[in-house]
Amino acid sequence: PLIPIDGYAMPIPKTVKVEPNGSTVVDYYYKLNNHTIKFGAVIDGTKVYVDIPLKVTIAIDGLTKIQDGTSATLTVPYGSTYEISTKLTSGYAYTGAVAVTPSNTTYVYDNTTGRISGIVDADLDILIGMETASYQISYNGLEEADRPLPNNPSGYDMTTPTIILNNPTREGYNFVGWTGSNGMMPQTNVSIPVGSMGDKVFTANWIESDSTLYTVKHWIQNVDGNAETFNDLNYTLRDTEPLVGTTGSTVTPNTKEYVGFNEPNEKSEVIRADGKLEINYYYTRKSYSVMLNPTEGIEVVSGQGSYLFEQQVTINAIVKDGWVWDRWEGDMPSPNTTYKFTMPATNITNTAMAHRGTYTITYFLNDGYVSGNPTKYTFHSDTIVLKNPTLLYNRKLDQQIKTTCYFMPVLFFAFY
């Protein structure tokens, strides 16, 4: 019987006559088997045996048989050693997997370099795992950009449709363009065309906006407000100014002139990128004086002193006996002894005026006649001695009538 030998083809059996002397020899010649090596790839799940995006070099027993091919099928003797080296075409990556059929054959695979080696002991179907390479897209200069960030992808591959980058925004700044993988000059229209490869890095470039908002508020002190406590209980907002300037620059806005108020010192502040800089100016009320001058007929005046602008003022005068109130004369005239007014933005001087009281004397002579008696007097008049009347019928008064210091009209009756 024939004995099978691994790797060799069985010869055709022979029929021979066996000599009795034992000289019969039967020779069988085993021919070494040839086997095929078929090389391909599994790319993104699809088997490919031709036009593989690889450079393939196959060496058999140390001799290069295929150099930088894009596909490979070889017939080699059983027992030959093989070494397959691959070099990726741009845009692809190894998956780290390899499939060799039959599965019981022995081989060595380096999933980093894509090198496969072994001994030919059967027809071999070798498939190396590949995939379309994925690349990263990274972005710089967006740390202070507005959120949410623009919807730009973080990765792509060469089959990805053309990517057009969305531009970011940032409070207080103007976007001037991307630099990086697109070049050194900022560009606002940047795309990654389909078929592109490699990691991409883009940096957002900014300049300070010259139209960043800031606000100036002008507060005036309430009449009853505490000048040292700056809040809306003690001050009332008078004016609000929305202004614009360059982000990061220092501004010193002007104060305003309000009648009756002291101007505060101007402040210098840096414009915030978020447009929320607020500069508050607080104006305190000025003080003005009230001076009251009494004249001869005034006993006393009250209400003079120092007052804040728009503070309520009450002035009063008390008239001496025998005098009649006249008026307040001066900056705030009034006919009333007690006068209330709001303090204007100026000093006030008023004079209390009075005049002597004059009273009438009325005589009822009852058919009598007299000449030379006064018809009026004042509190300050000298003592008046009345002249007696003469009755038209020669009757005489039996006494002389005197009067002094009356404060009202006086009536005299003559009796006979």
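Ile164 is exposed, with a relative accessible area of 61%; here exposed means over 50% relative accessible area, buried under 20%, and partly exposed in between (1.4 Å probe, protein chains only). The model is predicted, so local features need pLDDT of at least 70 and side-chain atom pairs count only at pLDDT 80 or more, while totals for chains, interfaces and linings use all residues. Residues are numbered from 1 along each chain as its sequence is written, and side-chain values use heavy atoms, with hydrogens and water left out.

Ile164 belongs to strand β15 (residues 163–164). Strands (E, at least two residues) and helices (H or I, at least four) are DSSP runs numbered from the N terminus. Apart from neighbours within four places in sequence, Ile164 is in contact (heavy atoms within 4.5 Å) with Asn152, Val190 and Ser191. Its C-alpha atom is separated by 9.7 Å from that of Pro153, 11 residues apart along the chain.

Thr215, in contrast, is buried, with a relative accessible area of 16%. Thr215 is found in strand β20 (residues 212–221). With neighbours within four places in sequence left aside, Thr215 is in contact with Thr240, Glu241, Leu277, Glu278 and Ile279.

**The chain as a whole**

The secondary structure comprises 0 helices and 39 strands. The radius of gyration of the chain is 61 Å, well over the 22 Å that the globule rule gives for 416 residues, so the chain is more spread out than a compact globule. This radius is taken over C-alpha atoms, and the rule is 2.2 Å times the number of residues to the power 0.38. Along the principal axes, the C-alpha atoms fill a box of roughly 225 × 40 × 30 Å. Of the 416 residues, 35% count as buried. Among contacts between residues at least 6 apart in sequence, 56% join residues at least 24 apart.

**Strands β3 and β7**

Strand β3 (residues 34–43) pairs with β7 in the antiparallel sense over 6 bridges; pairing requires that DSSP finds at least two bridges between two strands. Lys38 has Thr73 in β7 as its bridge partner.

**Salt bridges**

Side chains of opposite charge can pair when their charged atoms come close. The whole structure holds 8 salt bridges, each defined as a side-chain nitrogen of Lys or Arg within 4 Å of a carboxyl oxygen of Asp or Glu. The table lists some of them.

| Pair | Distance, N to O |
|---|---|
| Lys256 and Glu241 | 3.9 Å |
| Asp326 and Arg327 | 2.4 Å |
| Arg327 and Glu329 | 2.5 Å |

Lys256 is partly exposed at 27% relative accessible area, and Glu241 is partly exposed at 23%. Asp326 is partly exposed, with a relative accessible area of 29%; Arg327 is partly exposed at 30%, and Glu329 is partly exposed at 36%. Salt bridges with shared partners join Asp326, Arg327 and Glu329 into one network.
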